[in-house]
Amino acid sequence: MERRVVLLLVKLSKWKFMTEFSLIVPCENCRACKFTCLFRHKIWWMIPRFGSLGSDIPIETQMLLLEVREESAVSVDDSSRQSVDNSTLYVLLLPVLEGQFRTTLQGTPTNELQFCVESGDVQVQTSRVTEAVFINSGDNPFELIRNSIMILEKHKGTFTHINHKKKPTHLDWFGWCTWDAFYKDVNPQGIKEGLESFLEGGCPPKFLIIDDGWQDTINEFQKDGQPLIEGTQFSTRLISIKESSKFMESGVDIQCNDLHQFVQFIKGKYDLKLVYVWHALIGYWGGLLPSSEELKKYNPKMRYPVQSPGNVGNLRDIALDSIEKYGVGLLDPRKIGDFYNDLHSYLSKSGIDGVKVDVQNLVETLGAGYGGRVELTRQYQRALEESVARNFEENNLICCMSLNSDSIYSLRKSASARASEDFMPREPAFQTLHVASVAFNSLLLGEIVVPDWDMFQSNHYTAEFHGAARALGGCAVYVSDKPGMHDFKILKKLVLPDGSILRAKYAGRPTRDCLFLDTVMDGKSLLKIWNLNKLSAVVGVFNCQGSGNWPLKDGPEYNLNSSSKPLVLSGHVSPLDIDYLGEVTDESSCGDLAVYSFHTGSLSRLSKEGRIEVSLSTLECEIFTISPIRVLDETLEFAPIGLIDMFNSGGATESVSFTPGPMVKVEARGCGRFGAYSSKKPIYCTVDGKKEEFVYDADKGLLVVKLE
């Protein structure tokens with residue numbers, strides 16, 4: 001195979017300066033080299049792109065992972081080349097922050113790879129960078145990314161790896177977000193009705209997010225009795241840190257005169273553990289109203305965003321275009337800490353436990369005159385994290401619309417961030433893209449935060465698809481159902497009776513054999529997502545084909561309301577899909593594994609190299625729990641599966657121990673049907689010391705006992 005070195009060439013401009021760097025990149029004569037990259041297709045969000053040519057790499061690429069097979073090679077410069085023969089090497093390129101500058105990658109039509117360095121402020125320039133792109137290689141892609149992030153954490157000192165952060169408490173509880181239920185019309189009566197309907201169905205949420213719509217705001221461009229001027233809704237400004245009048249009015253069934261009384265009421269009546277509220281990083285979409293008497297002490301001034309060529313080079317966003325036109329009431333950067341502390345102190349005294357902070361990437365467009373985008377982002381992020389730590393008992397913060405490298409590499413304490421564009425119930429072509437984008441984005445984000453998969457609706461036609469993905473995501477599980485519109489069959493596959501969830505150990509990521517496949521648009525590949533629990537692994541298989549196209553990529557048009565047949569694809573699942581299988585395997589393991597299929601209810605015994613075939617139609621999924629078989633003695637082999645009516649069955653198993661007899665003791669969470677592989681039929685089973693009936697399938701070795 002021909003090896004070809006290309007240069008990273010960048011031109012000098014008021015936004016960017018460029019330099020040269022030599023390395024192998026995907027090119028026309030290098031077909032054994034494939035890549036997956038993560039790039040911002042619009043200012044707020046990031047998606048993957050796949051290819052084998054340098055020209056396939058989009059602008060605003062924030063991570064580039066290469067798979068180099070056999071005779072392909074990587075070189076640091078023209079004189080020193082490291083070749084890898086008859087093996088696979090993974091090469092990771094991370095454009096990072098250097099001082100006041102941030103870097104991105106982009107391909108050219110001639111298969112060159114450029115890197116772009118920008119400050120966002122014409123007064124902040126340089127003629128030299130030395131650490132703009134981090135490059136590393138290894139034979140395991142997941143360990144490569146993890147080790148690289150840990151190296152950068154130590155070397156850069158601007159962010160912290162997820163293993164070194166305190167995780168917010170909402171992650172382990174089922175939640176409800178008001179957004180898709182009410183949008184900005186959220187009100188106390190509606191929240192009460194929603195909590196009532198969850199309670200009646202036997203699945204009450206334990207945490208609540210009161211999303212956009214609770215704050216006291218004004219749209220200066222909206223005149224009474226006049227139709228809304230499209231776009232001005234994004235320039236609505238905050239006029240007070242307190243709640244709007246909606247939350248100061250008593251309803252028929254609610255005697256509450258302010259946010260504090262309302263939060264007390266719903267926590268007491270519905271046993272909510274946590275209540276969060278939404279706010280934008282700059283207060284609201286359009287910032288603070290400069291003429292507000294209450295907010296004048298923060299010295300807000302009108303500023304007009306300036307978008308970088310990277311922002312406008314992919315998809316423009318109506319929200320940012322509108323804010324660019326109508327301006328932002330930007331508070332004085334010297335007052336950021338005071339603003340957050342005043343806001344969060346008021347919320348905390350009102351019984352609020354945490355915040356979801358949105359519209360974060362807007363700050364990158366406002367850096368001129370403040371030291372640039374990176375410097376301003378760091379100021380905001382530092383002040384936000386300090387205020388959350390000061391005013392809330394736990395690290396209860398969800399970052400949102402923050403998928404630029406400015407923010408990602410400035411997260412010192414923030415431990416949860418949205419990993420994709422919103423769940424959009426009215427957009428049928430977006431459902432598969434949502435699941436696939438979060439899985440791939442988690443390759444990078446999962447090393448810095450717990451990726452937030454966003455809400456979904458339990459009565460949506462894609463609810464099973466979304467619910468299964470979140471069960472594997474290692475993330476929070478929350479829905480945005482309208483009051484009375486729930487599918488409790490779906491919810492009870494995710495939520496235990498006490499309101500807790502069976503959260504997996506890591507961020508759910510694509511299996512290694514999916515890493516460089518377009519599982520949305522190639523028409524043949526299934527998406528597989530893997531994770532671990534305490535004693536077992538889990539793999540979910542999703543058919544994301546035939547339902548939508550990636551933004552900025554041409555593909556067939558889909559009419560999902562037509563009678564056209566869905567795309568049925570086949571693939572396989574194997575224990576080899578689990579990269580960290582050794583973490584749940586000990587010296588008692590025999591080498592074989594028990595594999596349980598959630599939807600079919602079948603149990604198989606496989607070697608590590610064994611496989612199970614699976615066929616799925618568009619928007620269908622299957623989940624496999626993979627549990628190492630342990631040898632107790634010469635007569636008994638055993639593997640816990642878990643609660644087999646839950647999507648993440650293995651998340652219920654806490655521990656397994658063996659005593660002479662032989663006797664197996666399992667500690668588990670929750671209730672329902674608990675399954676296990678057993679090479680022999682038990683003489684009896686007990687639950688909490690009381691004998692219980694059980695079912696045993698001698699052909700498959702499937703043992704099922706009910707936990708009441």
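A salt bridge here is a Lys or Arg side-chain nitrogen within 4 Å of an Asp or Glu carboxyl oxygen. With that in hand, here are the close-ups, all taken from a predicted model.

**View 1. Asp212 and Lys184 pair up in a salt bridge.** The closest N and O atoms sit 3.9 Å apart, so the pair makes it under the 4 Å cut-off. Asp212 belongs to the loop between strands E15 (207-210) and E16 (215-218), while Lys184 comes from the loop between helices H2 (179-182) and H3 (188-200), so the contact ties together parts 28 residues apart in sequence. Asp212 is buried, at 3% relative accessible area, whereas Lys184 is partly exposed, at 32%.

**View 2. Arg503 reaches a distant part of the chain, at Asp172.** This salt bridge has its closest N and O atoms 2.9 Å apart.

**View 3. Seven charged residues are linked in a network of salt bridges: Arg40, Glu60, Arg102, Glu118, Glu364, Arg373 and Asp406.** For context, a search of the whole structure turns up 40 salt bridges.

**View 4. Tyr409 sits in the largest nonpolar core.** That core has 156 residues, and Tyr409 is among those with the most contacts inside it, along with Leu94, Ile210, Tyr380 and Phe542. Helix H10 (residues 431-445) supplies the largest share, nine residues. Leaving aside residues up to four places away in sequence, Tyr409 touches several others, including Leu94, Ile149, Phe159 and Leu444.

**View 5. Strand E28 (residues 537-542) is mostly covered.** Six of its six residues are buried. Ala537, Val539 and Val541 point one way, and Val538, Gly540 and Phe542 the other. E28 pairs with strand E27 (residues 527-532) in the antiparallel sense over six bridges, and a hairpin of four residues joins the two. Here Leu532 has Ala537 as its bridge partner. E28 also pairs with strand E33 (residues 621-633), antiparallel over six bridges, where Val538 stands opposite Thr625.

Methods: Residues numbered from 1 in each chain as written. Predicted model: local features only at pLDDT ≥ 70, side-chain atom pairs only at ≥ 80, totals over all residues. Heavy atoms only, no water. Core = buried A, V, L, I, M, F, W, Y, C linked by side-chain atoms within 4.5 Å. Buried < 20%, exposed > 50% of the residue type's maximum accessible area, 1.4 Å probe, protein only. Contact = heavy atoms within 4.5 Å. Pairing = 2+ DSSP bridges.
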